[in-house]
Each structure stands twice: as C-alpha cells, then as structure tokens.
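Hi everyone, thanks for coming. Let me walk you through a structure that may be new to you.

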Amino acid sequence: MAVGKNKRISKGKKGGKKKIVDPFTKKDWYSLKAPTMFSTRTFGQTLVTRSQGTKLASDGLKGRIYEVSLADLNQDEDQ
C-alpha cells in the first residue's frame with residue numbers, strides 16, 4: 001500500500017450516476033392531416049422525438065403509415 005492512502009475513505013466514483021429521464025419529455029405531439037378532398041381534415045395525433053442536432057423531427061415522421069376508415073374521413077356512418 002502506498003504511503004498516505006486511506007482505503008476506507010471513498011470520494012465517489014468517476015462519472016457519477018446518470019440521471020433517469022422520462023423519454024416522453026423529449027417528444028412532441030403532431031397532428032395528422034388528410035388531403036383536402038375529405039371533409040375531416042385532422043384525424044389523429046402522433047408522437048415524435050424532438051429535433052436535436054442534425055436529427056430532425058420531420059425525418060421521424062416521414063414514411064409512417066396510418067390506417068383510417070374512409071367513413072371516418074367522410075363523416076359517413078353508412079360506409
């Protein structure tokens with residue numbers, strides 16, 4: 001053992017403990033809109049991670065596919 005070192009006293013570990021962050025605090029709600037030919041324009045909402053650095057929120061929205069009933073878009077209960 002080196003002179004002057006006390007094993008019983010610990011000052012803490014390097015780096016420390018990471019804070020636990022709720023993943024939903026980093027997300028935003030976006031409205032889903034249908035084309036103008038339908039009487040109902042907005043038909044829902046979706047969560048997307050916020051823009052950070054070079055990663056854009058709009059890139060997270062691209063390519064998503066949603067299934068919506070035609071009757072819901074036309075506000076018609078007969079279809």
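Accessible areas here come from the Shrake-Rupley method with a 1.4 Å probe, and for residues, only the protein chains shown count as cover. On that basis, the protein chain has an accessible surface of about 7,800 Å², with 52% of it belonging to carbon and sulfur atoms.

A word on the source: this is a predicted model, where local features need pLDDT of at least 70, side-chain atom pairs count only at pLDDT 80 or more, and totals for chains, interfaces and linings use all residues. Residues are numbered from 1 along each chain as its sequence is written, and side-chain values use heavy atoms, leaving out hydrogens and water.

Now the layout. The order from the N terminus is β-β-α-α, with helices (H or I, at least four residues) and strands (E, at least two) taken as DSSP runs numbered from the N terminus. Of the 79 residues, 11% count as buried, meaning under 20% relative accessible area with a 1.4 Å probe, protein chains only.

Where does Thr46 sit? Thr46 lies in strand E2, residues 42-49. It counts as buried because its relative accessible area is 10%. Its side chain makes a polar contact of 3.4 Å with that of Tyr66; such a contact is a pair of N or O atoms within 3.5 Å, and within protein one must be able to donate a hydrogen and the other to accept it, while residues adjacent in sequence count only if both atoms are side-chain atoms.

Finally, Leu73 belongs to helix H2, residues 70-74. Leu73 is 31 residues from Thr42 in sequence, yet their C-alpha atoms are 8.7 Å apart.

Key: Buried < 20%, exposed > 50% of the residue type's maximum accessible area, 1.4 Å probe, protein only.
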